[in-house]
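I record what I looked up and what I found, entry by entry.

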Amino acid sequence: MSVPAVVGAEPAGTDPTPSGSRLQRDRSRAALLLARHALMTTPWATLTAGCVAGTAVLALLAYFAGTSHTPLDQTTVRLTLLPAIAALTFVPHTPLRPLAQTAPLPASIASATQIVLAVPALVVTSWVQLVIMAHTHPAIARRHLPAAYPLIAQLLGWAALALAAAACCDRSRYADLTGAIAVPITLAVIAFCWFTPGVKDLLVTGPATPRTATIAWYSIAAASLAITAAALRDTWHRYTRRPWARARALGAASAR
Amino acid sequence: MSSPHAAAAPLGHAPGPEERAPRSAPVLATRSGLRVALALARAEGWLLARSILVAGGLLVAALVAWSFLTRSEPLWWKAAWQIGYAQMILSAAALVAAHLAAGRAARNNVEDLYDSFPVTASTRTAGHLLSVLGALPASVVLVAAASALTEWRGAFGHPDPAVLAGGVLLVTAGAMIGVAVGRRFPHPFVGVLAALAWAAPFSQSNRFNGAVTWLFPWAISQQLANFPHPVPGYPPGAAHAVELAGIAALAAVVALAWQARAVIARAALIAVGAAAVAVIGIAGAVQLQPISTPNLNRLVAQAATPTNFQTCTTANGVRYCLYGDFAPLRSSLEGPVNAILSYVPVRPDQALSVEQATGLFLPDTTLTHGHPAAKVDTWTKELASAPAKHPSRSAIFVGVGSWPARNAAGARTARLQLALAAADWAVGLPPSAGNLDTATPCVPFNQAREPIAIWMTLEATHTKVKGIQDLGGGPGYLAAPGPQITGAGYLLAQAMTRLPASKVTEVLGRNWTAWTNAHATDAQLAAALGIPLPAEPTLNPTPGPGMRVSPPLPGTPAPQVCTP
């Protein structure tokens, strides 16, 4: 196997087939460079804006909840976490992906690293928002708040859905608008799960038991992450065109 | 940014600084700028009209409209605001789509190329602002479709054009905000955040008290379903439409202000912006005005003394009293009642009446803000004297706004509940328990008249119920429920439905007065019909999920047994 060119790597020298240790060294070096690249290209501003915006809205609602004596509940937290979920759709995006594919490491590693880096931000945001929500309740009532595990499962499911939508959009003709297209798709799916009779009986606590909803959301999260992994590993963009547009283009080409 | 001189130059020709512009350059610049703005608006408007985001928003909005409009009684004074719910979804989608369009040049790093064109950035912004007209067809289609649906379901009252126009202005304002934000912050996520911020007050308006919620982009009062007639100024639809128009104008000014460099342009924008802020302020002040005392007096009187405002007619010996706009409702009420009456050999002494009642809730500060607490107390006391707040042995109270329209999913349950109430009256049980906050419905413990009433209901409405909860577990369509249902009575009624109806009718008809007496027991009825008693009657102190009322709290006394 020949070693493809690596940005910043030294020339391969006279030996075109390097030894195993050399290959290992090159890959390690490329991984290091890629990690730095992934860290720098992770959309921190977008992610931070999403996390902070939702938390700020929740803090505002918590203030009014205190004045109107109507404590916040998990439903409000679900709503205010939507900006963070929306920001997550902008994370798995590799600029200049065709170039990245020439690197000796799989191009999907950059996106996967970005996703891993974004997870702590989402976890911290969820924790802060749950704390804010709990503090709108009297101290004595905080022990009797509904269990958080169905909410955590639901948020994980939402995040996984958002990542799957973003990863799939990134492999489509809308790659330059990944997040902008993935956000409405994610929100539409969430709304579908939330309001559709039959579906909500399985996914929304209230009609569904906490255990059922948790299992269902973890299943959705697992399936979504599998789709995300498959989309990230896919090397091709899908420049799908409408059949009539394709036929017209072919006709024009043949006329020339 | 291009200079005004450059704007007058022909397309493709970039004049050098040494070139002198002709004297008529400003006029030509204005004319060509307008032409370019219109051309750009046409192109961008067409893109916006067929944007996948707007189309998706329209689809979701249509689903939301369908969900809200088919859930309850179609009252125009409420439905018009519910259509605005759907418009809010479309507005958020239009905001994101317009933001993406306005920020396209900056996102693609071609702003320098655009700046070399002979039209100014302000002209392009004006084109984008005019292009929001492309989102309006979707909004108008939504209004038309939702209005047609409301009318098809037999709407009561008339639509308020100001509220429907407010929905269209909501979409316009959303798209304008998208352009304003997109010209300055082209990142797609900013548009998403702006849309969420635009929709957040709408989604959380239930957490705020008072008239301040009318200042949100859109809000709706649940009280509207309790009104027998629209109340002038509640909610303030026309003022809200003006407020939305002002927001749209302000967004346009902000969008243009990002690129305005000339002093005159800036001054003009400041003036227009100030006017827009003034309009928003005045419209907001109008919305915060309290509802006039005569209007509230009339509303309370309509709820407290409905007979003064209702039209009563008698059919088949039953009196139907309905508010003016609800006259068409009578036919749907007559059906279940007449079906029950056909099974009743001897009617009770007190004639049955079916009346409308409102669930008006006066501590609502959106309704009573600005009025002294003493006056609100007076109104509250007046409301407490409403007929539906007191137990009745001969009146059934149908809630205004709760009766499902024809073709609605809850129509079957509503018919069942009305029929059961009529059957309760027929066998001597009180069909209305009064105010549930102060009274608990009685329990017909071991009384044969209870399974008879349930049997008549099931037979008359030809309904197969899966469980006791089907008789009253769903939403309450009556303003005051009848007696609680016991498990033993329900099971005996179900056993009776397995017998030929003629046999049961014959047994009951032989001694109707005795069977409808409170002393006739379930066991006696079962013996007379020749069937085993399915369950031993028990005075259940904690009614299960099938009971029509919530179980009493621990420590509270058991409910009273229904008396003769």
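**Entry 1: Chain A as a whole**

I began with burial in chain A: of its 256 residues, 39% count as buried. I note at the outset that the model is a predicted one. For secondary structure I found eleven helices and zero strands in chain A. Read from the N terminus, the elements of chain A run α-α-α-α-α-α-α-α-α-α-α. I then looked up the sequence separation of the contacts in chain A. Among those with a separation of 6 or more, 73% join residues 24 or more positions apart.

**Entry 2: A pair of positions in chain A**

I looked up Tyr63(A) and placed it in helix 2 of chain A, residues 44–68.

**Entry 3: The contact of chain B with chain A**

I turned next to the interface of the two chains. Chain B brings 14 residues to the contact, and chain A brings 22 residues. Which residues of chain B lose the most area to chain A? I found Phe189(B), Leu196(B) and Arg207(B), which together make up 37% of what the side of chain B buries. The area buried between chain B and chain A is about 1,600 Å², and 77% of it lies on carbon and sulfur atoms.

I then searched this interface for specific pairings. The rule gives zero salt bridges between chain B and chain A. For polar contacts it gives one residue pair across the interface of chain B and chain A, with both residues at pLDDT 80 or more. On the side of chain B that touches chain A, helix 10 (residues 188–203) gives the most, with six residues. By class, I recorded that side of chain B as eight nonpolar, four polar and two charged residues.

**Entry 4: The two domains of chain B**

The domain assignment of chain B lists domain 1 (29–292) and domain 2 (300–548). I found their centres, taken over C-alpha atoms, to be separated by 46 Å. In the contact of the two domains, 30 residues of domain 1 of chain B meet 28 residues of domain 2 of chain B. About 2,300 Å² is buried between domain 1 and domain 2 of chain B, with 56% of that area given by carbon and sulfur atoms.

How many residue pairs are in polar contact across the interface of domain 1 of chain B and domain 2 of chain B? I recorded eight, with both residues of each pair at pLDDT 80 or more. Salt bridges across the interface of these two domains come to zero. The side of domain 1 of chain B that touches domain 2 has 14 nonpolar, 13 polar and three charged residues.

**Entry 5: Two loop positions in chain B**

I located Gln223(B) in the loop between helix 10 and helix 11 (237–257) of chain B. Gln223(B) has 5% relative accessibility, which is under 20%, and therefore counts as buried. Beyond four places in sequence, the contacts of Gln223(B) include Tyr234(B), Phe361(B), Asp364(B) and Leu367(B).

Thr438(B) is in the loop between helix 17 (411–426) and helix 18 (449–461) of chain B. The C-alpha atoms of Thr438(B) and Lys389(B) are separated by 9.0 Å, with the residues 49 residues apart along the chain.

**Entry 6: Salt bridges**

Over all chains, I counted five salt bridges by the rule.

- Asp170(A) pairs with Arg171(A), with the closest N and O atoms 3.9 Å apart. Asp170(A) is buried at 2% relative accessibility, and Arg171(A) is buried with a relative accessible area of 5%.
- Arg124(B) pairs with Asp115(B), with the closest N and O atoms 3.5 Å apart. Arg124(B) counts as buried at 9%, whereas Asp115(B) is partly exposed at 27%.
- Glu334(B) and Arg330(B) meet at 2.5 Å, N to O. Both lie in helix 14 (residues 330–341) of chain B, four residues apart, about one turn of the helix. Glu334(B) is buried at 16%, and Arg330(B) is partly exposed at 27%.

Key
Residues are numbered from 1 along each chain as its sequence is written. Chains are lettered from A and ligands numbered from 1 in the order in which they are written. This is a predicted model: local features need pLDDT of at least 70, side-chain atom pairs count only at pLDDT 80 or more; totals for chains, interfaces and linings use all residues. Side-chain values use heavy atoms; hydrogens and water are left out. Contact means heavy atoms within 4.5 Å. Buried area is the accessible area (1.4 Å probe) that two parts lose on being put together, summed over both. A salt bridge is a side-chain nitrogen of Lys or Arg within 4 Å of a carboxyl oxygen of Asp or Glu. A polar contact is a pair of N or O atoms within 3.5 Å; within protein, one must be able to donate a hydrogen and the other to accept it, and residues adjacent in sequence count only if both atoms are side-chain atoms. Ala, Val, Leu, Ile, Met, Phe, Trp, Tyr, Cys and Pro count as nonpolar, Asp, Glu, Lys and Arg as charged, and the others, Gly among them, as polar. Buried means under 20% relative accessible area, exposed over 50%, partly exposed in between (1.4 Å probe, protein chains only). Domain bounds come from an automatic or database domain assignment.
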